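Subject: Structure handover

Hello,

Here is the structure for you to look over. My notes follow below.

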Amino acid sequence: MSMTRKTKTVLGLTLANILLIVLCFITLVPILYALSVSFNADNSLLSADFSFIPKHFTFRNYRAVFVDEPIMLWFKNSIILAVVTLVISLGTGIPAAYVFSRKKFPGRKPILRMLILLYAFPSLLSMTALYKLMRPMGLINTKPGLIIVYTGTEAVFALWNMKGYFDTIPYEIEEAAMIDGASPIQIVWRIVMPLAKPTIAVTAMMVLIYVWNEYIFAVNFMTGSDTYTLAAGLYSLQANEMQGNWPIFAAASIVISIPILIVFFALQKNMTTGLTSGGVKG
């Protein structure tokens with residue numbers, strides 16, 4: 001009986017692993033397709049003779065990404081926006097999250113509810129109002145203007161995500177440190193922050209992905225080709241679907257995905273713990 005049950009267990013795990021492997025290959029198909037298009041010498045994506053394996057293999061499309069098109073300029077713009085937004089969002093969101101988690105003060109719950117209510121509405125609804133507010137201040141078509149828009153959204157996300165994790169850290173740990181003579185700054189810096197590293201990593205990753213892929217505000221707030229982000233710039237390459245160069249578009253898509261993949265794999269060891277934390281209601 002036990003052998004039969006063990007055999008069924010092994011068979012079930014084997015089938016589950018096979019199914020997961022098949023699903024992984026299915027999810028890789030779009031990436032492999034884009035990779036194939038990026039090495040295609042012919043702009044034949046929309047034609048009937050397109051083949052998954054390029055008939056005319058070339059690296060010319062990648063050369064165009066780095067030399068012929070201003071993609072590296074857009075890359076620099078996205079890097080600046082992503083890094084500055086990340087620093088400001090975490091720099092304001094983490095301290096605020098700790099205060100809301102540990103301190104009791106008048107208006108605490110109404111403020112939290114107001115923030116989550118504002119975050120629940122799509123940021124697209126505020127685009128017209130933000131444009132009218134920022135235009136007289138000269139913030140349209142500038143990086144600071146876009147950073148303000150991104151930070152307003154991501155700082156609230158960082159606050160709520162980090163607050164949920166701080167709520168899971170027992171306060172007794174901090175009390176023990178106080179008894180040992182640790183100052184409040186030492187408690188936060190040497191005890192709380194190391195414990196919160198997984199969620200900080202996940203929060204940082206999500207902020208980076210949002211800024212890296214954001215398109216609507218980038219297109220409407222950045223009107224010059226030299227101020228485009230990657231998302232806006234890549235769209236401009238394919239503004240006319242029938243005349244756009246799909247191989248160059250695919251090559252650019254592959255290139256700009258590499259930095260996010262590098263950051264993801266660098267933070268991967270913290271991702272599992274961080275993704276399952278921060279969901280405790282305070």
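Which exposed residues does the face of α2 turned away from its buried side carry? They are R63, V67 and D68. Exposed means over 50% relative accessible area, buried under 20%, and partly exposed in between (1.4 Å probe, protein chains only). Helices are DSSP runs of H or I with at least four residues, numbered from the N terminus.

This is a predicted model, in which local features need pLDDT of at least 70 and side-chain atom pairs count only at pLDDT 80 or more, while totals for chains, interfaces and linings use all residues. Residues are numbered from 1 along each chain as its sequence is written, and side-chain values use heavy atoms, with hydrogens and water left out.

In helix α2 (residues 60-68), N61, Y62, A64 and V65 are buried. Seen down the axis of α2, these buried residues fall within an arc of 155° (taken from the directions from the helix axis to the C-beta atoms), so they line one face of the helix.

T227 sits in the loop between α10 (216-221) and α11 (230-237). T227 counts as buried because its relative accessibility is 14%. The side chains of T227 and N141 are joined by a polar contact of 3.0 Å; such a contact is a pair of N or O atoms within 3.5 Å, where within protein one must be able to donate a hydrogen and the other to accept it, and residues adjacent in sequence count only if both atoms are side-chain atoms. Neighbours within four places in sequence aside, T227 is in contact (heavy atoms within 4.5 Å) with N77, N141 and M222.

Regards

Definitions and conventions. Helix = DSSP H or I, 4+ residues; strand = E, 2+ residues; numbered from the N terminus.
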